[in-house]
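Hi,

Here is the structure I promised to hand over. Have a look at it first, and then read on for what turned up.

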Amino acid sequence: MEKPLSLTLRYSANIAGDLALLPRFYTFLQRLGAADGRGALLLDLGGACSGDVWHCRATGGRSALIVLDGMGYHAANVEGGLERENCDKLAGQVAMALVDASQDWAYDVPPVSDPGIVVTLRPRERAARLQIALKPAAETRIEGNILRLRRVSAGSIGEAVVDLRGRPQLVSATVHTMPPDTPPNPSIAGAVEFVEAEARYFARQAR
């Protein structure tokens with residue numbers, strides 16, 4: 001399979017269990033994709049759930065990640081947010097990659113599979129032509145073959161475009177803030193209702 005010549009990434013971070021945000025967030029992501037016509041790699045840099053939120057506690061940190069999977073995310077940083085037992089359980093339920101200090105993800109978005117593009121929490125010297133560091137940085141930049149992504153707030157989507165012809169080059173980097181009048185996507189709203197119902201069941205079982 002031919003390797004991609006460029007890569008567009010869109011990413012979120014610090015959602016902190018705000019499931020009510022996600023149906024609108026999905027609409028926003030769809031609009032961004034429709035505006036530029038580029039299929040994007042969707043990533044979450046961590047903090048999807050929070051121990052302060054009831055459904056995150058009830059599901060062991062899985063609730064927001066399940067909805068992100070339904071939104072078409074390709075990989076999420078789960079370091080510190082999931083115990084190993086819950087991570088293994090969730091891995092069997094979702095299509096997106098669950099990345100932590102011990103588990104990387106090589107680019108695999110059908111019909112393109114490219115082991116030279118790696119999403120990781122611990123970039124290191126190796127043959128990969130592009131390593132995407134899946135945790136927030138002060139700014140979006142490329143150091144050698146390592147792409148670091150600027151931190152974003154819960155209501156924003158970060159975006160980076162990388163030229164992969166030869167040595168990786170950052171073409172553009174921006175942060176999109178979701179307009180307050182963005183309507184919710186009905187399918188993702190339904191997914192949120194399902195996840196919350198499941199969380200209530202787990203909470204009752206734990207009593």
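Strand β1 (residues 6-12) and β10 are antiparallel and are joined by six bridges; strands here are DSSP runs of E of at least two residues, numbered from the N terminus, and two of them pair if DSSP finds at least two bridges between them. Within this pairing, Y11 sits opposite G158 of β10.

A quick note on the source: this is a predicted model, in which local features need pLDDT of at least 70 and side-chain atom pairs count only at pLDDT 80 or more, while totals for chains, interfaces and linings use all residues. Residues are numbered from 1 along each chain as its sequence is written, and side-chain values use heavy atoms, with hydrogens and water left out.

On to the other partner of β10. Strand β11 (residues 169-177) also runs antiparallel to β10, with eight bridges between them, and A160 has A173 as its bridge partner in β11. The two strands form a hairpin with five residues between them, and G166 in that turn has a positive phi of about 80°.

How enclosed is β10? Eight of the eight residues of this strand (residues 156-163) are buried, so the rest of the structure largely encloses it; buried means under 20% relative accessible area with a 1.4 Å probe, protein chains only. S156, G158, A160 and V162 point one way, and I157, E159, V161 and D163 the other.

Finally, the structure has one disulfide, a pair of cysteine sulfur atoms within 2.5 Å. It links C49 to C56, with S to S at 2.1 Å, and both cysteines are buried. The torsion about the S-S bond of C49 and C56 is about -85°, so this disulfide is left-handed.

Enjoy exploring!

Terms used
Buried < 20%, exposed > 50% of the residue type's maximum accessible area, 1.4 Å probe, protein only. Helix = DSSP H or I, 4+ residues; strand = E, 2+ residues; numbered from the N terminus.
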